[in-house]
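Please walk through the structure shown below, starting with its overall fold and ending with its charged pairs.

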Amino acid sequence: MSTAIETRGLRYAASRDFAIEDLNLKVPTGALYGFLGPNGCGKTTTIRLLLGLLRPDAGTVRLLGHDLPAGLPQALAGTGVVPDRPHLHRYLTVRDALDFHGAFYSRWDDKWARELTGEFRLLPDQKIAGLSKGETAKLMLLLALCQMPELLVLDEPMDGLDPVVRRDVLTALLDYVSQRGATVFVSSHLVHELERFCDWVGVMDRGRLVVELPMEEFRSGNKRIRVTGSPAAAPGDPPFTLLARETGAGPSETWVVRGWQPEMTGWFERSGIAVRDVADLDLEDGFVELLRAFRARSA
Amino acid sequence: MLKAMIRLQWKGCWHLVVALAVAALALPIVSVRTGWRSSGEQLPRFLIELQLWGLFYPALAALVAVTLAAAIWASDRRGHHIYALLLPIPRWRYVLLRYLAGLVLLLPLVLALWLGAVIATSSLDMPPGLRQFPHALAVKFGLALLLLFGLAFAVAAASRRALGIGMKLVGLFIAVHIAVILLSPRTNLIWTVMTALSTWPGPLAPLGGRWMLIDV
C-alpha cells in the first residue's frame with residue numbers, strides 16, 4: 001500500500017504540558033482520511049508538523065514520497081492546504097489572490113479558478129478583508145483545488161460554516177477527488193461531519209494516535225452489548241476490544257466493545273455470560289467511548 | 001514569480017510609495033527655493049542653507065527604508081508567515097523575491113528625487129562659481145537607499161531569535177564600550193566604530209559626506 005503521508009516516531013513538545021508523542025500515521029494514497037479528535041488534542045500541531053511548519057523533536061515525516069524537511073518544496077508543490085485560519089494578504093482582491101497564488105504552481109488551472117469563482121459566488125474585485133467567513137473558506141478551498149494537488153490537507157475546513165456553504169465546499173471537494181483521485185487528509189472534532197465521506201479514520205487524543213483504521217471497520221465494529229451473569233473481571237482474553245463496562249439494574253451489565261463480530265457470542269457462552277442484546281453504537285458514541293477507554297488506560 | 005511578488009508588494013505599499021515619492025520629488029525643489037530666499041541671495045549663506053537641507057536626504061532615505069521594509073513584511077507577520085511557508089519554494093527564495101520586489105519599489109523614489117533635483121537646479125539662474133550635482137545626488141541617494149533598505153529589510157525579516165541575538169550583541173558592545181571608557185577615558189569605542197563604518201571603505205560610507213545639490 002503506497003502512502004501519501006507517513007510519519008514514524010514523530011515527537012514534538014509544544015509546551016511543558018502538551019506534546020505529540022510517538023506518532024505513527026499512515027495515510028494511504030487515494031484515501032479520504034478523517035483525522036478526528038477533541039479540541040486541543042494536537043490535530044493542528046500534527047498538521048503543522050506534516051507540512052513542515054514546525055520541526056519535530058524526533059521522528060520522520062514523508063509527504064508524497066518526499067522526506068521532510070529536505071523535500072519540502074517538492075512535497076508542497078503537490079499539496080493543497082486549507083489551514084485552520086486564513087492567512088491571506090487582506091489587501092488583495094479575490095482576483096489578485098488567485099493571480100498571486102497561481103504564479104507559484106506549475107499546474108495551476110486559471111480557467112477553472114475563474115469558473116469556480118463564479119460557482120462559489122465570489123466577486124473577483126472584492127477585497128479579501130471584506131469577505132465573510134464562508135466566502136473566505138470558499139476562497140481558501142478554491143486556491144487549494146486550482147493548484148491541482150495530489151494531496152489536500154484541510155484543517156477543520158467546515159468549522160463555523162453555515163449548512164449552505166458547507167455543502168458548496170463539500171461538493172467542490174468531492175467533485176475534485178472523484179475526478180482526480182486525490183488523497184484528502186481532513187481534520188475535525190465533529191464525527192458526523194467526516195462520517196459521510198471519509199473512508200479512513202485516525203483518532204487522536206492528548207497528542208497520541210488512539211486508533212487508525214478504515215471507516216467501515218470503525219463504523220461497524222462498535223457495539224453496546226447487554227449481558228447478565230458477568231463476573232467481576234472479564235475472563236481470559238476477549239476476541240474484541242472492551243472499551244467500557246457499565247453496571248446496570250440488577251445483574252445486568254452493558255459492555256461497550258470495538259471489533260465485534262457476530263460469531264463472538266460463542267466466547268460469552270463459553271465464559272458463562274448470557275448475551276441479552278447487541279446494539280449498534282452510532283459513530284459519535286463509538287468515538288466518545290473510544291476516547292473514554294483510552295483516557296482510562298492512560299490514567 | 002518575481003512579477004507576482006512585485007504586484008503583491010505594490011498593492012500593499014502603493015500609498016506609501018506614492019507619498020514618499022512626493023516627498024523625494026519635493027525635497028530638492030523646496031531646499032533650493034527656500035535656501036535661496038532665506039539666504040538673501042548671498043552665496044555663502046545659500047551654501048550653508050543647502051548644507052543644512054542636505055541632512056534631510058539621508059533622513060529621507062532612512063525613513064523610506066524603514067517604512068517600506070516594515071510594510072513589506074507586515075502582511076506576512078500578521079499571518080504568522082504561514083501562507084508564505086506553505087508556498088512550494090525554499091524559504092531563502094521567498095525572502096529573495098521579497099527583497100528584489102522591494103528594490104523595484106525603491107526605483108520610483110530615486111527617480112522622483114532625481115527629477116526633483118533636475119527641476120530645482122534648472123529653475124535657478126546658477127550664480128557664477130557654483131556647480132550643480134543633480135545626477136550625483138540622485139546616485140548617492142540611491143546608494144544610501146540600497147544600503148539602508150538592506151539593513152531594515154534584514155531586521156524586518158529576521159526571526160525573534162535572530163533579533164534577540166542581535167540585541168545581545170549590541171548590549172555586549174555597549175558594555176565593552178563602558179568598560180573601555182572606565183579603563184581609558186580618552187578612548188571612545190562607539191565613535192571609532194562609527195567613523196570606521198561611515199567613512200570609505202566602510203559599509204555606511206554612502207550616508208556620510210556632503211549631500212549638496214549645488215556646491216562650489
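What share of the contacts in chain A with a separation of 6 or more comes from residues 24 or more positions apart? The share is 70%, where a contact means heavy atoms within 4.5 Å. The model is predicted: local features need pLDDT of at least 70, side-chain atom pairs count only at pLDDT 80 or more, and totals for chains, interfaces and linings use all residues. Residues are numbered from 1 along each chain as its sequence is written, chains are lettered from A and ligands numbered from 1 in the order in which they are written, and side-chain values use heavy atoms, with hydrogens and water left out.

The secondary structure of chain A consists of 10 helices and 15 strands. These elements are DSSP runs numbered from the N terminus, with helices (H or I) of at least four residues and strands (E) of at least two. The C-alpha trace of chain A spans about 70 × 40 × 35 Å along its principal axes. Chain A has 299 residues, and 53% of them count as buried. Buried stands for under 20% relative accessible area, exposed for over 50%, and partly exposed for what lies in between (1.4 Å probe, protein chains only).

The surface of chain A comes to about 13,400 Å², of which carbon and sulfur atoms supply 48%. Accessible areas are computed with the Shrake-Rupley method and a 1.4 Å probe, and for residues only the protein chains shown count as cover. Chain A carries 35 positive and 40 negative charges, and their mean positions are 3 Å apart. In this count Lys and Arg are positive and Asp and Glu negative, while His and the chain ends are not counted. Each charge is placed at NZ of Lys, CZ of Arg, CG of Asp or CD of Glu.

Chain B provides a nonpolar surface patch of about 670 Å², made by Val170(B), Phe173(B), Ile174(B), Ile178(B), Leu182(B), Ile190(B), Val193(B) and Met194(B). Helix H7 (160-183) and helix H8 (189-198) of chain B are the elements that give two or more residues to this patch. The largest share, 5 residues, comes from H7(B). Patches are made of residues with over 30% relative accessible area and no salt bridge; like charges are joined within 9 Å, and nonpolar side chains (Val, Leu, Ile, Met, Phe, Trp, Tyr) within 5 Å. Val170(B), which lies in helix H7 of chain B, has 48% relative accessibility and therefore counts as partly exposed.

The backbone of chain A has some local features to note. A cis peptide bond joins Leu68(A) and Pro69(A), with omega at about 5°. Pro69(A) is in the loop between strand E6 (66-67) and helix H2 (72-77) of chain A. Leu64(A), in the loop between strand E5 (58-63) and E6 of chain A, has a positive phi of about 50° although it is not a glycine. Leu64(A) counts as buried because its relative accessibility is 19%. Asp22(A) is also not a glycine, and its phi is positive at about 45°. Asp22(A) belongs to strand E2 (residues 19-23) of chain A, and at 46% relative accessibility Asp22(A) counts as partly exposed.

The charged pairs come last. Side chains of opposite charge can pair when their charged atoms come close. A search of the whole structure finds 19 salt bridges over all chains, a salt bridge being a side-chain nitrogen of Lys or Arg within 4 Å of a carboxyl oxygen of Asp or Glu.

Which parts of chain A does the salt bridge between Glu156(A) and Lys43(A) tie together? The closest N and O atoms of Glu156(A) and Lys43(A) are 3.5 Å apart. Glu156(A) lies in the loop between strand E8 (151-155) and helix H6 (163-180) and Lys43(A) in helix H1 (residues 43-50), so the pair links parts of chain A that are 113 residues apart in sequence. Glu156(A) counts as buried at 15% relative accessibility, and Lys43(A) counts as buried at 4%.

Asp205(A) forms a salt bridge with Arg295(A), with the closest N and O atoms 2.7 Å apart. Because Asp205(A) is in strand E10 (residues 200-205) and Arg295(A) in helix H10 (residues 283-298) of chain A, this pair ties together parts that are 90 residues apart in sequence. Asp205(A) is buried, with a relative accessible area of 1%, whereas Arg295(A) counts as partly exposed at 31% relative accessibility.
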